[in-house]
Each structure stands twice: as structure tokens, then as C-alpha cells.
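Dear colleague,

Please find the structure below for your own work.

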Amino acid sequence: MHQSIRIAEKNKRQEELEKLENEKNVVLSEIIGNQSDSSRIFSSGLFKNLFSESPWKLDSGGNPENIKNCTVQQLKEIQQKFYVPNNSALFVGGDVQHEEVYKLVNKIYGDWKLNINDLTEEQVNNFSDKITDKKEDIK
């Protein structure tokens, strides 16, 4: 029985590695394609200047060398640390009903937790006041 568990775990790890390699190739193709697109080159330069003090100054595609060498564990750590509400912004434009947008955003993103390890208590409180009425859910 233990042998079959070990084999199943090994197969799962192998499957994760294969998925990672496939995803790396997709991401690398997107980055290479974007590097040859003149509008992307212009946007990248514009964002670096307009948002010089914020995360939006960076190209979300990442450095191709970093992507080629990343591991599954590194990607999980990056996701947990950086793909969080406190590193995000949602822009809504047009003729919208604020309450309806607020309800929809809470429905879609309401369970997305802050990475409070990188925030002061004041920042957590300020952020939670803007996003939810349930501060205790994010602390």
C-alpha cells in the first residue's frame, strides 16, 4: 500500500512539473511576442514614467530568464506574496451603478485575502475599510 502512495505522489509531482514547463513556454511566447509589439514597448516606457513609485511601473510578464529557471515552489510563493489585493487595482469606467459594481466585485473577489505580512496594522485597517464591512475576515 505504501508503495502505491509513493508512486501516486511521484506521478503528481511529475504532472506538476510538466504543467509548469508547458505554462513557462506559453508565458515565454507571450513575453517574446510583446517585446516585438511597438504599442507594448511604448506602453512599457509610459508606465515606467507615469507610475515610477508603484507596482504598475513593472512589466507583468516578468524577466524571461527568471521564468525559464523557476520552480513550482517558487511560483507558489510568488503567488501567495504578490498576487494579493494589496498589490492590485480595479478600474471601472462608464455609466455604471456604484452599488451594483460594489456587489459584483465583492461577489467575485470578496474571499481574496490580503497579504497582511507586508502591511502595517494601519494599512490593513485602511484597506479593509475600503473593501469590506467585515474587517475581521481579513485579519
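Predicted model: local features only at pLDDT ≥ 70, side-chain atom pairs only at ≥ 80, totals over all residues.

Angles between axes of 65 to 115 degrees count as roughly perpendicular.

Overall fold. The secondary structure consists of 6 helices and 0 strands, which gives the pattern α-α-α-α-α-α along the sequence. Of the 139 residues in the protein, 12% are buried. The protein exposes about 11700 Å², and 53% of this area is supplied by carbon and sulfur atoms. Among contacts between residues at least 6 apart in sequence, 64% join residues at least 24 apart.

Helix packing. Helix H1 (residues 2–35) packs with H4 at an angle of about 70°, and their axes are 10 Å apart. H1 and H4 are therefore roughly perpendicular to each other. In this pair, Glu-16, Leu-17 and Leu-20 of H1 meet Val-72, Leu-75 and Lys-76 of H4.

Surface. A nonpolar patch on the surface is formed by Leu-75, Ile-78, Phe-82, Tyr-83, Leu-90, Val-92, Val-96, Leu-104, Ile-108, Tyr-109 and Trp-112, which together have about 1000 Å² of accessible area. The elements that contribute two or more residues to this patch are helix H4 (72–82) and helix H5 (98–109).

Leu-75. This residue of helix H4 belongs to the nonpolar patch and is also among the H4 residues that meet H1. How is Leu-75 classed by its relative accessibility? Leu-75 counts as partly exposed because its relative accessibility is 36%, and partly exposed covers the range between under 20% (buried) and over 50% (exposed).

Yours sincerely

How values were computed:
Residues numbered from 1 in each chain as written. Heavy atoms only, no water. Patch = residues over 30% accessible without salt bridge, like charges linked within 9 Å, V, L, I, M, F, W, Y side chains within 5 Å. Areas by Shrake-Rupley, 256 points an atom, 1.4 Å probe, with all protein chains shown as cover. Salt bridge = Lys/Arg side-chain N within 4 Å of Asp/Glu carboxyl O. Helix = DSSP H or I, 4+ residues; strand = E, 2+ residues; numbered from the N terminus. Buried < 20%, exposed > 50% of the residue type's maximum accessible area, 1.4 Å probe, protein only. Contact = heavy atoms within 4.5 Å. Axes fitted to C-alpha atoms, helices over the stretch in contact; angles between N-to-C directions. Parallel < 35°, antiparallel > 145°, perpendicular 65-115°, else oblique.
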